[in-house]
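Here is a short report on one protein model. Look at the sequence and the structure first, then read on.

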Amino acid sequence: MFKQFINTLQGDEVFMLISLMIFLLFFIGATIALIKMKKNHINYMSNIPLEDKTETYN
Amino acid sequence: MQADKFYYDNKIVRDFAIATLVWGIIGMTVGLLIATQLFSPAMNLGNQYTTFGRIRPLHTNAVIFAFVGNAIFMSVYYSLQRLLKARMFSDALSKIHFWGWQLIIVAAVITLPLGFTSSHEYAELEWPIDIAITVIWVIFGINMFGTIIKRRERHLYVAIWFYIATFITVAVLHIVNSFQLPISAFKSYYIYAGVQDALVQWWYGHNAVAFFLTTPYLGMMYYFLPKMANRPIYSYRLSILHFWALIFIYIWAGPHHLLYTSLPGWAQSVGVAFSIMLIAPSWGGMINGLLTLRGAWDKVRDDVTLKFMVVALTCYGMATFEGPMLSLKGVNAIAHFTDWIVAHVHVGALGWNGFLTFGIMYWLVPRIYKTKLYSHKLATFHFWIGTLGILFYAIPLYWAGFTQGLMWKEFTPEGLLKYSNFLETVTRILPMYIMRSIGGAMYLTGVLVMAYNLVKTAKSGKLVSNEYTEALPLPVLPVESKREFWHRKIERKPMTMLVLSLIVILIGGMVEMLPTFFIKSNVPTISSVKPYTPLELHGRDLYIREGCVNCHSQTVRPFRSETERYGEYSKAGEFVYDHPFLWGSKRTGPDLHREGGKYSNAWHYNHMMDPRTMSPGSIMPNFDWLLDQKLDTTTTAAKIRAMQTLGVPYPKGYDAIANQDLDKQSEEIAANLALDKIKVKKDKEIVAIIAYLQRLGIDIKNKN
């Protein structure tokens with residue numbers, strides 16, 4: 001099944017460009033999402049490892 | 001709301017810690033042994049079970065899957081429970097995971113010296129062990145996701161994402177690179193051949209580095225570094241960005257291991273492009289780690305665990321800068337096949353994986369034993385001798401790599417190779433090999449000191465097997481508000497995370513591999529290339545058994561310096577019957593792809609018995625047992641049938657008569673050896689390996 005699918009492609013370049021576009025869109029999307037992320041949520045998340053109170057410090 | 005009372009399982013953490021220490025010492029000791037073999041062939045200890053070719057895979061498997069593997073599990077079992085405020089899902093699964101993994105390692109320690117190997121680097125273990133690895137890995141996954149499901153913390157901290165990505169990607173890599181056709185309990189052939197097999201292997205090999213040595217360690221860094229410094233990670237945003245970027249980009253970069261080979265050019269270019277991009281997410285992780293210590297550098301002066309973390313992150317930064325650089329075609333042309341690569345790998349392994357593991361162990365062991373570290377002085381000593389060990393290891397090898405890489409390419413004004421004898425380029429770098437083993441010995445000394453220190457620490461306290469804690473159960477979620485941020489939703493949903501990670505890593509692998517598998521023009525066939533004769537096929541399997549591929553490549557790159565030295569450069573069509581491919585990744589000895597017909601049968605016979613009689617100063621081990629051991633021809637039919645199944649065009653029914661051809665060919669070789677006054681029975685293994693070596697690369701030679 002894959003064989004038919006792949007053989008119908010025009011050339012390798014198109015394939016490459018599509019993959020690169022997927023990546024760039026994904027990357028830009030993630031960046032925008034991160035910029036919009038709320039500060040208090042970030043503080044909450046980054047403090048999760050430090051919450052554990054069972055520690056003995058030496 | 002009433003808080004739940006429960007216990008963290010520290011015993012499993014302790015067990016994995018012991019395994020980390022024990023296998024670390026064993027793996028590094030084997031490493032030191034093979035380092036000495038490279039300047040003193042006597043260190044091969046005169047028997048087949050301890051020759052370089054067989055125990056080099058033992059070293060790599062022991063340090064990667066036993067030392068680093070157990071360190072990953074130790075850290076995951078410690079941090080996962082605390083980040084999720086839940087005990088591990090099932091104590092029984094934890095135990096099965098622990099003992100299963102150790103049994104797999106024991107199986108590797110037994111089978112690799114016996115010569116049972118698939119020849120794929122870092123995936124040498126034969127098919128029954130591959131199946132065991134799959135089962136145990138799935139058990140680890142069930143235990144991890146079970147814990148995630150019963151968690152008391154709604155959001156998954158970034159360390160857990162790295163663990164999830166590790167779990168799913170290693171599973172995919174392992175399965176795809178283990179498609180083998182078994183012919184007996186410990187022998188199988190890869191279903192892929194030649195170029196395709198090479199592509200799959202290095203897609204796997206590179207991502208074993210990415211998803212076994214990098215992503216779990218980044219997860220560990222994101223948990224333990226904030227704990228040690230007692231401050232949150234520098235930028236949580238950066239950690240998310242570099243997580244997605246890292247897992248997306250890494251999966252594409254494999255072909256940079258195959259530059260200038262007969263892999264299609266477009267695949268090489270894709271590999272280079274993504275390798276260069278990799279520097280961004282890699283350095284994102286390093287910078288995030290180092291900046292976490294901003295304003296806390298005074299702590300680094302006093303706290304030995306932080307010292308280890310800083311060197312680990314620095315080495316990570318160096319190795320991930322060097323990686324993209326080595327992927328540039330111009331640099332790769334010189335560096336590939338030399339000790340430069342070995343140095344590069346060890347900066348990552350000794351610095352990043354080793355030191356991060358040590359830092360975590362110094363921090364963790366006193367905590368689960370409710371005591372203090374036995375000796376800070378010894379730990380500081382370990383830090384310094386380890387750091388010096390890395391320098392003494394890496395610098396001589398960089399030097400050796402540059403020297404040899406340039407010597408291979410140097411021409412005289414008349415246009416001839418200046419060092420036409422390969423051996424000259426080897427004897428030149430032997431002093432560097434000696435220095436490197438001194439560096440390795442220093443590093444190992446540090447580890448032994450750590451083992452003593454940690455055992456003393458454990459003895460001074462008592463293991464808190466079950467650590468008491470309390471946490472509020474998760475409240476039932478209110479109906480989700482539509483305005484909630486999408487990434488926040490993902491952070492709550494481990495299965496979505498798993499599926500997203502899977503999609504992200506599959507894109508790269510599929511784009512690279514599918515065209516090479518399904519577009520015919522990517523692997524042009526050559527009509528003069530014929531399947532191996534039965535005797536040659538046996539010889540090839542002996543070549544695999546003895547691990548020749550660890551020191552000899554079988555791919556001539558299209559450079560004048562290589563075509564002058566070895567002959568015509570390698571074409572994709574020459575490898576179509578090679579299950580598995582044997583291109584190799586290091587030239588401790590010369591390339592063998594055009595070896596056929598270069599020397600007489602008698603030369604090969606004497607060279608195998610004692611390489612120094614033919615090439616004085618050679619560092620190749622003796623393979624004298626090949627002269628005495630009888631070739632097992634009972635498997636011939638099964639081998640031919642397996643090859644037929646994989647598409648090698650032997651005539652129908654050939655399996656039944658293959659041994660007749662085998663006899664005929666071995667008789668000819670024995671008769672030819674007799675002319676040189678060498679008496680050898682035709683049924684010895686040496687005859688088969690000579691047949692194979694004399695066949696190498698001649699399909700194209702004969703045509704010309």
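## Two helices side by side

In this predicted model, helix H12 (residues 304-327) of chain B packs against helix H15 (residues 376-409) of chain B at an angle of about 15°, with the axes 10 Å apart. An axis is a line fitted to C-alpha atoms, for helices over the stretch in contact, and angles run from 0 to 180 degrees between N-to-C directions. H12(B) is therefore roughly parallel to H15(B) (angles under 35 degrees count as roughly parallel). Their crossing is left-handed: the near helix is turned anticlockwise from the far one by less than a right angle.

Which residues make the contact? H12(B) supplies Val304(B), Lys307(B), Phe308(B) and Val311(B). H15(B) supplies His376(B), Ala379(B), Thr380(B), Phe383(B) and Thr387(B). Contact means that the C-beta atoms of two residues, placed from the backbone, lie within 7 Å. By class, this contact has 5 nonpolar, 3 polar and 1 charged residues. Ala, Val, Leu, Ile, Met, Phe, Trp, Tyr, Cys and Pro count as nonpolar, Asp, Glu, Lys and Arg as charged, and the others, Gly among them, as polar.

## Buried residues in chain B

Pro216(B) sits in helix H7 (residues 215-229) of chain B. Pro216(B) counts as buried because it has 25 C-beta neighbours inside 10 Å. The cut-offs are 20 or more other C-beta atoms within 10 Å for buried, 12 or fewer for exposed, and partly exposed in between. Leaving out residues up to four places away in sequence, Pro216(B) touches Ile72(B), Phe162(B), Tyr163(B) and Thr166(B).

Helix H22 (residues 601-609) of chain B has buried residues too: Asn601(B), His604(B), Tyr605(B), His607(B) and Met608(B). Among the elements that cover them are helix H23 (611-614), helix H24 (625-628), helix H26 (654-675) and helix H27 (685-695) of chain B.

## Chain A

Chain A has 3 helices and 0 strands. Helices (H or I, at least four residues) and strands (E, at least two) are DSSP runs, numbered from the N terminus. Of the 58 residues of chain A, 7% count as buried.

## Confidence and numbering

Chain B has a mean pLDDT of 93, and 97% of its residues reach 70 or more. pLDDT is the predictor's confidence in each residue, from 0 to 100. The model scores ipTM 0.73 and pTM 0.93.

Residues are numbered from 1 along each chain as its sequence is written, while chains are lettered from A and ligands numbered from 1 in the order in which they are written. In this predicted model, local features need pLDDT of at least 70, side-chain atom pairs count only at pLDDT 80 or more, and totals for chains, interfaces and linings use all residues.

Key. Angles under 35 degrees count as roughly parallel, over 145 as roughly antiparallel, 65 to 115 as roughly perpendicular and the rest as oblique.
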